[in-house]
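Q: I'm new to this one. Can you show it to me and walk me through it?

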Amino acid sequence: MAVVTDPQPPARTDPPASPDGPRRRVLAMTIWAVAFVVCWLAIGLPTDPAYAFVWIWAGTIAWNSERPWRSHLRFARDWVPVVLLLAAYNLSRGFADNGATPHAMELIVADRFMFGWATGGEVPTIWMQEHLYRPEVQWWDVAASWVYFSHFVVALAAAAVLWIRDRGRWAAYMRRWGFLCAAGLATYFLYPAAPPWWAAQNGLLTDVLRISTRGWKAFGMHGAGNVLNAGQIASNPVAAMPSLHTAWALFVVLFFLRTTRRRWWPLLLAYPLAMTFTLVYSGEHYVIDVLVGWTYVGLTYLVVNLAERGWAMVRVRRAGVAPPEPAVAGAAVIRTTPGRPATDLLPDGPGSTTPSTEPAESPVVPADR
């Protein structure tokens with residue numbers, strides 16, 4: 001097989017790192033952390049997309065405080081469309097029901113069919129609250145509140161780390177995340193469904209408490225959920241199917257799973273399971289919502305991966321450059337970059353990026369016979 005190898009890239013010309021860089025980073029991150037805690041206690045945790053973006057951007061500035069401002073402004077330029085899309089997503093959910101009565105009874109029937117044999121004929125939410133809920137806040141209430149809050153931060157924080165480390169992977173991440181959010185939003189319009197606490201308020205279930213934020217009260221952090229509680233009051237309750245809380249949790253885990261050592265896989269996979277426990281126990285979702293959300297994650301990776309492969313093939317055809325006649329019958333000419341396998345032609349999984357398909361500029365080196 002004949003292989004055409006690109007020349008080595010030019011040496012980096014970045015200025016040498018300042019000897020005060022580590023100390024400067026520690027100081028900047030300390031200031032950021034103190035400011036975050038103060039605003040958290042005074043205003044609430046950043047569960048609004050715009051509010052969360054401000055803190056994530058400030059965190060990247062603190063972490064890379066030695067970089068020029070044009071680098072920080074580039075972060076804002078890339079992220080403003082993402083924040084606007086998330087804001088539009090939150091607003092549009094409020095119109096998803098179009099005044100119609102949301103679906104609820106079929107979700108109750110589905111959960112009773114799957115788990116009624118183990119819960120005495122009740123949906124899992126009622127069974128869990130009967131066995132776990134206490135008037136006094138318990139340690140699992142605290143854990144559930146933090147897991148619930150992580151939904152609003154983990155996906156964005158992971159995207160911020162990717163942007164800093166590898167903008168190509170960040171773009172692949174955002175393509176999949178955007179598709180997942182769009183699929184969920186379309187379902188909210190096509191099939192508006194209400195959560196267990198709504199069904200209880202309307203007489204379809206016995207008492208179900210909405211307790212996703214009660215755990216913070218154990219530490220006296222009564223204002224921690226101010227932003228989240230305001231959003232819950234203003235939002236439309238018919239966005240239960242699918243559960244994007246568990247969908248986002250599984251999405252993030254799967255994106256990084258292949259690049260993580262196997263011994264850490266159980267810990268990573270425990271996160272979407274913990275989110276599932278939190279949502280079902282706190283009355284936010286049925287189990288069927290969770291299962292559909294996980295299905296959407298699988299479809300997201302399948303559809304976007306196929307789309308990226310198709311786009312790569314289109315780019316190859318558009319290039320319109322036929323490879324030279326190989327020196328050996330049946331040999332292929334592959335353009336590679338040093339350090340990259342010659343067989344890495346098409347994206348094959350989460351986080352992959354489209355390879356270069358430009359024609360080689362250097363002459364073809366005949367393969368050895």
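A: One term before anything else: a contact means heavy atoms within 4.5 Å. Among contacts in the chain between residues at least 6 apart in sequence, 81% join residues at least 24 apart.

Q: What kind of model is it, and how are residues numbered?
A: This is a predicted model, where local features need pLDDT of at least 70, side-chain atom pairs count only at pLDDT 80 or more, and totals for chains, interfaces and linings use all residues. Residues are numbered from 1 along each chain as its sequence is written, and side-chain values use heavy atoms, with hydrogens and water left out.

Q: What is the mean pLDDT of the chain?
A: The mean is 76, and 70% of the residues reach 70 or more. pLDDT is the predictor's confidence in each residue, from 0 to 100.

Q: Where does pLDDT stay under 50?
A: One such run is residues 9-15, with zero contacts beyond four places in sequence. Another is residues 353-369, for which the model has 36 such contacts.

Q: How many helices and strands are there?
A: The chain has 13 helices and two strands. They are DSSP runs (helices H or I, at least four residues; strands E, at least two), numbered from the N terminus.

Q: Switching to aromatics: how many pairs?
A: Rings of Phe, Tyr and Trp (its six-membered ring) pair if their centres lie within 6.5 Å; planes under 30 degrees apart count as stacked, over 60 as edge-to-face and the rest as tilted. By this rule there are 14 aromatic pairs. One of them is Y173 with F256, tilted, at 6.4 Å centre to centre and 45 degrees between the planes.

Q: Where do those two sit in the chain?
A: Y173 is in helix α8 (residues 167-190) and F256 in helix α11 (residues 244-257), so the pair links parts of the chain 83 residues apart.

Q: Is Y173 buried or exposed?
A: Y173 is buried, with a relative accessible area of 0%. Buried means under 20% relative accessible area, exposed over 50%, partly exposed in between (1.4 Å probe, protein chains only).

Q: Which residues form the aromatic cluster?
A: Y173, W177, W248, F251, F255, F256 and Y301 form one cluster.

Q: How far apart are F251 and F255 in helix α11?
A: They are four residues apart, which means a separation of about one helical turn.

Q: How much of the chain is buried?
A: Buried residues make up 43% of the 369 residues.
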